[in-house]
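Work through these exercises with the structure in view. Try each task before you read its solution.

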Amino acid sequence: MRPATQQDGNWTGVRVPTPAPRRGRPRSAAAERAILDAVVRLLEDGEPLAALSIERIARTAGVGKATIYRRWSGKEELFVDVLKDMEPPEPAVSGTAGLDDLRLLLDSLRRRGLAQRSSALLHNVFAQMKSHPKLWEEYHSSVIAPRRVAMLAAVRRAVDAGELRADLDVGLMDDLFLGPMLVRTIHRPDAPLPEDLADRIVQVLVEGLGPGRATRPPGDA
């Protein structure tokens, strides 16, 4: 793992994971699909994460253990791919826009929040995952950390494009954009997650919270 580059302010605590070399992929996409589906099927049948073994997964998928180990180094890596398969896909950001990419990334968080609310299985898996440090660390390094890096890059592009102030800390601005969406999706599970929530968060923060600053009432973001 290599340290993330610090630019435009005090960006601390974020490290960009260096992907470990894979040990090869299954011989067919059908085999990988069968393995992922087998894990989901076992979880749907009430098997806890801690009870799942590579042997049991291979038997359920109708493949050999070697087929699994050619693609995944262990259960943690496999379970993370199962979660990624269950969650909404990552957004296709331009990589060149600032606020527009930021809106897409925030909306992807909103959609993942909706997915966890609507899927009892996904919610249950996340709840279990937090009691398995190795699994949580694998998910954080391969999923959450890259998302954070993408958000920071979008904020930085917005600064370069003149959409955000250049005299403010980039990491702090990123936290200010990200915070409201995390509050809605994680800390307030009963709060609404409307389709325009990302737009409203960006609007409020860009226009400011002071009286007389907003050009139009932004609503309760």
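**Exercise 1: The cavity lining**

Task: How many residues of the lining of the largest cavity are nonpolar, polar and charged?

Solution. The lining divides into nine nonpolar residues, no polar and no charged. Ala, Val, Leu, Ile, Met, Phe, Trp, Tyr, Cys and Pro count as nonpolar, Asp, Glu, Lys and Arg as charged, and the others, Gly among them, as polar. Next, name the residues: Val39, Leu43, Leu49, Phe79, Val82, Leu83, Met86, Val125 and Leu135. Then find the elements: H4 gives the largest share of this lining, four residues.

This is a predicted model: local features need pLDDT of at least 70, side-chain atom pairs pLDDT 80 or more, while totals for chains, interfaces and linings use all residues. Residues are numbered from 1 along each chain as its sequence is written, and side-chain values use heavy atoms, without hydrogens and water.

**Exercise 2: The largest core**

Task: Which residues have the most contacts inside the largest nonpolar core?

Solution. A nonpolar core is a set of buried Ala, Val, Leu, Ile, Met, Phe, Trp, Tyr and Cys residues joined through side-chain atoms within 4.5 Å; buried means under 20% relative accessible area (1.4 Å probe, protein chains only). The largest has 29 residues, and Val39, Ile57, Ile68, Leu78 and Phe79 have the most contacts inside it. Its largest share, seven residues, comes from H1.

**Exercise 3: One residue**

Task: Which residues is Val39 in contact with, leaving aside its neighbours within four places in sequence?

Solution. Contact means heavy atoms within 4.5 Å. The partners of Val39 are Leu52, Ile57, Leu78, Phe79 and Val82.

Notes: Buried means under 20% relative accessible area, exposed over 50%, partly exposed in between (1.4 Å probe, protein chains only). Helices (H or I, at least four residues) and strands (E, at least two) are DSSP runs, numbered from the N terminus. On a 1 Å grid over the protein atoms alone, a cavity is a set of points where a 1.4 Å probe fits but cannot get out, and a pocket is an open set with protein on both sides within 12 Å along at least five of seven lines; lining residues have an atom within 4 Å of a point.
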